Amino acid sequence: MNEIVFKKDLCPKITLFRIKTPELVSRAKAGQFIILRAYEDSERIPMSIGGLDRENGLLTIVVMEVGKSSAEIVRMEEGERFLDVVGPLGVPTHIEDFGGTCVVVGGGVGIPPILPIAEELKAQGNKVIGIIGARNEDLLIYEEELGSVCDDLIITTDDGSKGMKGFVTNALQKLIDDGENIKFVMSVGPVIMMKNVAKTTEPHSINTWVSLNPIMVDGTGMCGGCRVSIDGKSKFACVDGPDFDAHKVDFDELMKRQTMYVPQEKKAYEQYLHKCKIGLGRSS
Ligand SMILES: Cc1cc2nc3c(=O)[nH]c(=O)nc-3n(C[C@H](O)[C@H](O)[C@H](O)COP(=O)(O)OP(=O)(O)OC[C@H]3O[C@@H](n4cnc5c(N)ncnc54)[C@H](O)[C@@H]3O)c2cc1C
Ligand code: FES
């Protein structure tokens with residue numbers, strides 16, 4: 001259980017893992033997440049489900065190294081086991097035959113979780129267009145995987161090194177301007193990107209959902225760490241979400257709350273990297 005059976009660096013600082021968790025995989029649905037711990041003294045880290053291989057009981061997660069805990073995870077190797085992998089957590093993405101085009105929009109490590117969502121949307125008979133974006137070509141991930149599921153995949157890069165030059169929202173705006181009959185948009189990625197997706201679809205009243213990633217601790221609605229404001233009301237992203245109606249989310253508050261512990265996080269990361277350097281950290 002919880003064994004890493006496959007590991008691959010997708011691009012600098014972003015690593016894919018396939019983990020053997022048959023029981024969890026049998027119950028998991030698109031849009032849910034898990035919380036894992038690498039070792040006894042590790043933090044509980046929420047990760048989106050970036051793929052489900054039900055036949056072989058394999059869960060895919062894609063981890064970006066941003067601090068101490070993610071650095072510890074990306075240093076784990078095939079054959080090692082996570083101490084625990086809890087889930088599936090959260091409410092699955094609501095998926096039905098929307099009677100028009102569905103657009104899935106992903107950025108950074110928000111791209112993998114849109115794959116199971118796109119698969120499920122296709123299984124329900126929808127036309128699915130994917131839009132994925134990165135700063136440049138070298139940072140693009142999941143192009144092949146999404147390309148094989150979506151009816152059409154649009155790529156954007158900030159510097160124009162691949163696909164359309166600009167942001168995912170430019171591509172989304174173009175689809176709207178071209179008269180695509182969009183009935184549903186699902187977006188996962190950096191908060192600023194999801195905020196701008198919401199801004200793009202709101203004037204057209206397009207049903208738009210985002211998957212929120214506030215700081216989480218227990219993941220069961222007990223600690224209040226993941227509180228977000230939706231339509232002026234407090235919700236807990238771990239149990240009420242992570243998906244919410246994009247036009248009702250207070251994105252500015254979420255961005256502020258996400259940066260609450262930056263000085264402490266920076267210090268913990270620096271100390272961990274120093275320990276690795278002098279041979280005292282786990283770097284296997
Ligand atoms: C539902 C959900 C799904 C996620 N899916 C993915 C994923 O698929 N891939 C991925 O790389 N990351 C994902 N994250 C974010 C990931 O959990 C954080 O990057 C990780 O916890 C950072 O820990 P750290 O010690 O490496 O960095 P830190 O130095 O502790 O933090 C760096 C930044 O990460 C965020 N963060 C820190 N701790 C948490 C926490 N406990 N919960 C959420 N965010 C935190 C904060 O914005 C913080 O400023 C997800 C978060 C949530 C809530
Ligand atoms: S993570 Fe504690 S309430 Fe959601």
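**View 1. Methionine 186 and its partner across two strands.** In strand E13, tryptophan 209 is the bridge partner of methionine 186. In this predicted model, local features need pLDDT of at least 70 and side-chain atom pairs count only at pLDDT 80 or more, whereas totals for chains, interfaces and linings use all residues. Residues are numbered from 1 along each chain as its sequence is written, and side-chain values use heavy atoms, with hydrogens and water left out. E12 and E13 (residues 208–211) pair in the parallel sense over three bridges, where two strands count as paired if DSSP finds at least two bridges between them; helices (H or I, at least four residues) and strands (E, at least two) are DSSP runs, numbered from the N terminus.

View 2. Seven strands make an open sheet with mixed pairing, in the order E11-E10-E9-E8-E12-E13-E16. Strand E11 (164–165) and strand E16 (243–245) stand at the edges with a single partner strand each, so one side of each is left without a neighbour in the sheet.

**View 3. A stacked aromatic pair.** The ring centres of phenylalanine 98 and phenylalanine 184 are 4.2 Å apart and their planes are at 5°, so the pair is stacked (rings of Phe, Tyr and Trp, the last by its six-membered ring, pair if their centres lie within 6.5 Å; planes under 30 degrees apart count as stacked, over 60 as edge-to-face and the rest as tilted). Phenylalanine 98 lies in the loop between E7 and strand E8 (101–107) and phenylalanine 184 in strand E12 (residues 182–188), so the pair ties together parts that are 86 residues apart in sequence.

Technical notes: Chains lettered and ligands numbered in written order.
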